[in-house]
Amino acid sequence: MLSRRDFGKLTGGVLLSQAAFAKKLDSTVGGVRLGVQTYSYRDLPMASIIDSVIQAMTSTGLAECELFAQQVEPPNIATNFWVGIDPKLLGGGADGGPVSEQLRAKAKQEAVMKARDELRKWRLEVPLDHFKNVRKKFDDAGIDVHVYNLSFNSSFTDEEIDRIFEHAKALGVNIISASTTLSAAKRIVPFAEKHKIFLALHGHANLSDPDEFATPDSFRAGLEMSKYFRINLDIRHFSSANFAAVAYIRGNHANITNLHLKDRLKNGGPNVEWGQGDTPIKAVLQLLKANKYQIPAYIEYEYAGKLTCIEEVKKCFDYAKKALA
């Protein structure tokens, strides 16, 4: 985590108060709302992640975000799947000899199940004030939490799904973005309609699995499930699957809640630094600007950068601003 002095360098030597940020933050450029998916700051210390994310965003001048759920939920439960594994299984057996791969796999699976049960218990029991307090921190810094990002899968119980929609309400958002599947999305329909909160379907570039959101047809099938279903279009994955992001946005802008800005090579190629891949980032941003589409475009830093995550996000922000000039 950067020191206050380092943050001072990033802000031109001026460390503003949260009240000052609340008055000055505005990351709209050329009429286009730029923000960040807070997953981009995954390398910051988890012990103080919300405060660190807010400090990183304010130092960069980013005024809105899609909030990554693992930064709101307990990191020791949500991300550490090795909790509870007998240390002997990691280093050797009781006699000092090797442990079979089958035994290791069994131990890991048991730990994953334990962590999953603990996470579900936390979600069901955590006071909603936890989420209200998170939202207040962002509000006090002048940052809008526009979307809550939590991905549903077959392991979720109905009670858990319902409670997560309550979490979103407490955060003050009416959009949950989710990397999910068509089969899992069907189960979300009654909850989205009950709570009147939109589910934004996030796709990937996996064209081999018909249950994945990856193609225009799969997104169309998702939209047909509910009037509360929308699309969180990741232009990197969409382009890497060899679909035309600009044309798709032009034809479907009314159903898109927000974009993820990243770069990647076509044909399922790797992530690359912005400007080095096949994703039409500049053309997409110019489309939003020219047509005055009110679709937030969020930076998601995911390539292998050489700088800190804060500095890499700032580079991406600068790239977007130049693309909109």
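1. Overall build. The protein chain holds 14 helices and nine strands. This is a predicted model. The chain has 325 residues, and 50% of them count as buried. Take the contacts between residues at least 6 apart in sequence: 74% of these join residues at least 24 apart.

2. Two packed helices. Start with helix α7 (residues 129–140) and helix α8 (residues 158–171). Their axes come within 7 Å and cross at roughly 35°. The crossing of α7 past α8 is right-handed. On the α7 side, the contact uses Phe131, Lys132, Val134 and Arg135. On the α8 side, His167, Ala170 and Leu171 take part. Sorted by class, this contact has four nonpolar, one polar and two charged residues.

3. Aromatic pairs. How many aromatic pairs are there? The count comes to eleven. One of them is formed by Tyr39 and Phe68, and it is edge-to-face. Their ring centres lie 5.2 Å apart, with 75° between the planes. Tyr39 is in the loop between β2 (32–37) and α3 (49–60), while Phe68 belongs to strand β3 (residues 64–68). The two residues are 29 residues apart, so this pair links distant parts of the chain. Phe68 has a relative accessible area of 17%; buried means under 20%, so Phe68 counts as buried.

4. A stacked pair. Now compare Phe213 and Phe219. Their ring centres are 6.0 Å apart and their planes meet at 25°. Planes under 30 degrees apart count as stacked, so this pair is stacked. Are these two residues buried or exposed? Phe213 is buried, at 0% relative accessibility. Phe219 is buried too, at 2%.

5. Charges over rings. Arg116 lies over the face of Phe156, 4.7 Å from the ring centre. Another case involves Lys321 and Phe317. The charged end of Lys321 sits over the ring of Phe317, at 4.2 Å from its centre.

6. Positive phi at Asn242. Check the backbone here. Asn242 is not a glycine, yet its phi is positive, at about 70°. Where is Asn242 found? It is in the loop between α11 (235–240) and α12 (245–252). Its relative accessibility is 42%, so Asn242 counts as partly exposed.

7. Positive phi at Lys292. Lys292 is not a glycine either, and its phi is positive at about 55°. Lys292 lies in the loop between α13 (281–291) and β9 (297–299). Exposed means over 50%, so Lys292 counts as exposed at 66% relative accessibility.

8. Tyr319 and its contacts. Tyr319 lies in helix α14 (residues 309–323). At 29% relative accessibility, Tyr319 is partly exposed. Which residues does Tyr319 touch, not counting those up to four places away in sequence? They are Trp274, Gly275 and Ile281. Look at Trp274 in particular. Tyr319 and Trp274 are 45 residues apart in sequence, but 7.7 Å apart in space, C-alpha to C-alpha.

How values were computed:
Residues are numbered from 1 along each chain as its sequence is written. This is a predicted model: local features need pLDDT of at least 70, side-chain atom pairs count only at pLDDT 80 or more; totals for chains, interfaces and linings use all residues. Side-chain values use heavy atoms; hydrogens and water are left out. Axes are lines fitted to C-alpha atoms, for helices over the stretch in contact, and angles run from 0 to 180 degrees between N-to-C directions. Helices (H or I, at least four residues) and strands (E, at least two) are DSSP runs, numbered from the N terminus. A crossing is left-handed if the near helix is turned anticlockwise from the far one by less than a right angle, and right-handed if clockwise. Contact means heavy atoms within 4.5 Å. Ala, Val, Leu, Ile, Met, Phe, Trp, Tyr, Cys and Pro count as nonpolar, Asp, Glu, Lys and Arg as charged, and the others, Gly among them, as polar. Buried means under 20% relative accessible area, exposed over 50%, partly exposed in between (1.4 Å probe, protein chains only). Rings of Phe, Tyr and Trp (its six-membered ring) pair if their centres lie within 6.5 Å; planes under 30 degrees apart count as stacked, over 60 as edge-to-face and the rest as tilted. A charge sits over a ring if NZ of Lys or CZ of Arg is within 6 Å of the ring centre and within 35 degrees of the ring normal.
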